[in-house]
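Please keep the 3D view open as you read.

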Protein chains: 2
Amino acid sequence: MKNYKPKKRLPAQAYIDGILKGDRVILSRAITIIESNLESDKSLAKEIVQEILPSSGKSIRIGITGVPGVGKSTFIEVFGLHLVKLGHKVAILSIDPSSQRSRGSILGDKTRMDELSVLQEAYIRPSASGDTLGGVSNKTGETMLLCEAAGYDVILIETVGVGQSETAVHGMTDFFLLLMLAGAGDELQGIKKGIMEMADMVVINKADGDNITMSKLAKRQYQNALHIFPASESGWTPVASTASAIKNIGIDKVWDEILNFKKLVDENGFFLKNRNHQQIKWMYNNINEELKHLFYGSKNIKRELSELEKDIVTAKISPVKAAQQIIDEFKNSFKLN
Amino acid sequence: MKNYKPKKRLPAQAYIDGILKGDRVILSRAITIIESNLESDKSLAKEIVQEILPSSGKSIRIGITGVPGVGKSTFIEVFGLHLVKLGHKVAILSIDPSSQRSRGSILGDKTRMDELSVLQEAYIRPSASGDTLGGVSNKTGETMLLCEAAGYDVILIETVGVGQSETAVHGMTDFFLLLMLAGAGDELQGIKKGIMEMADMVVINKADGDNITMSKLAKRQYQNALHIFPASESGWTPVASTASAIKNIGIDKVWDEILNFKKLVDENGFFLKNRNHQQIKWMYNNINEELKHLFYGSKNIKRELSELEKDIVTAKISPVKAAQQIIDEFKNSFKLN
């Protein structure tokens with residue numbers, strides 16, 4: 001690993017200057033460094049992030065999720081075009097678990113967003129976050145900071161709604177948008193528990209042609225369901241609406257609601273409070289991940305845990321006692337250092 | 001602390017024998033040992049739990065939650081009486097955050113369940129879990145095991161629906177029951193986010209007199225909302241129903257649904273699978289709590305964290321860098337041992 005030198009790295013200042021000038025090529029290369037697992041890149045990445053930090057944060061961060069088939073790429077393209085038309089600079093970061101290994105679907109996505117991707121005011125980047133939740137928070141999170149420092153004032157973070165990355169994305173965005181289809185039932189199975197409660201807005205997509213009546217019904221059902229949820233700390237009551245990305249219907253309404261949300265949370269102080277809370281939580285999540293890594297990274301611990309799991313299931317040892325036993329051993333092993 | 005000797009402790013075997021014989025006085029004294037924070041009691045508790053472990057688990061564990069005013073005590077009393085009438089032995093463990101300091105509401109609860117509390121087939125115990133989630137899992141969890149070993153075949157664990165203990169209780173029960181009132185809106189504000197999605201059944205209580213029409217409407221609304229949720233891994237579709245504890249209406253229906261649930265999850269294997277999963281998760285939760293305790297228990301760490309929080313909010317340091325910095329210091333401090 002150590003002998004493998006990364007190619008063509010510039011000095012940190014070159015990336016920092018380029019990002020702050022809004023240079024897309026430099027931005028892309030800096031993101032590659034953020035995503036890299038090379039040790040030399042890690043310190044370079046740290047330096048870049050540290051320096052652009054004061055220039056980050058000046059955007060609205062929107063999480064968008066929905067299962068495959070809901071028309072997410074088309075929606076995001078049309079939504080992005082709408083935002084660019086309004087004068088915004090839009091960065092789109094896609095977290096696609098299936099792309100993390102093969103990168104197969106990335107080209108597909110890019111092709112599908114071909115109208116948006118040629119615009120200077122839009123920046124589209126699949127986010128290679130690795131397999132871990134920490135990867136989503138850190139790599140996608142830092143990529144987001146870089147995009148903000150490069151002048152993008154709307155950040156869309158896209159996930160597929162079937163994994164765990166939604167919680168991480170919810171933890172780093174201001175507004176969470178859930179795309180659904182009419183005909184409640186089957187396709188709902190794909191959405192993980194808890195995602196619905198995170199939504200600030202549910203958009204029933206593909207509300208066109210024969211599907212309009214069903215979509216309006218679905219909208220009412222979701223609206224009722226969302227009302228039954230406990231109020232969010234933001235003071236915002238989640239809304240449901242219908243849209244047809246392909247016919248460009250209802251897209252403006254989505255942005256209008258986001259602006260309504262922004263106005264509310266700016267005025268009641270939740271926006272800043274939540275941002276600060278998210279930043280601090282980001283640190284704690286990292287600390288807790290590292291602590292777990294220290295412990296679970298040990299081969300001895302791993303072997304013993306699998307023994308303890310068996311003993312617990314067969315009622316040979318209580319879960320509490322098992323935990324104490326292995327923590328005591330962990331402490332002792334540290335003292336030997 | 002060390003000089004303070006606990007009074008009148010028996011040898012471990014006396015508690016074990018007493019519990020296995022179903023002796024309520026011994027059971028109560030053993031639970032007191034479980035709840036104690038004295039070091040000498042902790043090892044005694046560990047021995048008792050270890051020995052009764054093979055005799056535990058033979059019950060259905062039901063979590064019941066709802067905000068104050070929903071009529072929880074009355075519901076539980078009437079439900080408990082119904083179960084005793086059917087030949088069950090019922091243990092009721094109440095986790096009341098307000099009682100953890102003052103114990104004020106405990107006597108109130110006991111008085112309100114006076115019909116049930118005099119029966120030999122019912123055992124009512126406020127669970128002093130302390131202020132931590134770990135306390136709920138460990139102390140209430142181990143108390144539950146003791147009750148099972150003493151022959152109680154239905155365990156009801158009651159929480160107030162406003163804190164975090166619901167997640168812990170959901171993680172140690174087979175079936176999760178949410179009590180609500182008609183007139184959706186105001187009182188919903190009291191229920192924490194996420195609790196609704198854990199519910200296997202929502203019961204609209206106080207469905208009597210003038211309130212019947214509203215309650216039936218509320219039932220339909222919840223039924224619709226529950227249907228919109230993603231399917232649970234149990235294969236069970238959550239149900240909504242109305243009840244009036246005070247008039248003893250709809251109580252049998254609650255138990256019938258729990259039996260339907262039990263039949264389903266016994267047949268599809270989820271019951272055992274979930275139990276095993278819960279036990280193993282219990283160990284991991286303890287390990288992770290202990291790891292955090294090791295780290296956050298340090299005064300130096302605490303001081304530095306509060307500095308880092310300020311620096312993060314003012315964009316002086318990135319959350320990722322802050323975490324790495326403090327974890328590196330933690331590792332170094334260990335090496336000095």
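Chain A contains 15 helices and seven strands, where helices (H or I, at least four residues) and strands (E, at least two) are DSSP runs numbered from the N terminus. The model is predicted, so local features need pLDDT of at least 70 and side-chain atom pairs count only at pLDDT 80 or more, while totals for chains, interfaces and linings use all residues. Residues are numbered from 1 along each chain as its sequence is written, and chains are lettered from A in the order in which they are written.

Of the 337 residues in chain A, 53% are buried, meaning under 20% relative accessible area with a 1.4 Å probe, protein chains only.

Now to the sheet. In chain A, seven strands form an open sheet in the order 3-2-4-1-5-6-7, with parallel pairing; two strands pair if DSSP finds at least two bridges between them. Strand 3 (122-126) and strand 7 (239-242) of chain A are the edge strands, each pairing on one side only. Inside this sheet, strand 2 (residues 90-94) of chain A runs parallel to strand 4 (residues 154-159) of chain A, joined by five bridges, and A:Ala91 stands opposite A:Ile155.

Let's turn to chain B. Its strand 6 (residues 201-205) and strand 7 (residues 239-242) run parallel and are joined by four bridges, with B:Ile204 partnered by B:Thr242. Together with helix 11 (residues 212-228) of chain B, these strands make a right-handed β-α-β unit: with the strands pointing away from the viewer, the path from the first strand over the helix to the second runs clockwise.

Methods
Heavy atoms only, no water. Buried < 20%, exposed > 50% of the residue type's maximum accessible area, 1.4 Å probe, protein only.
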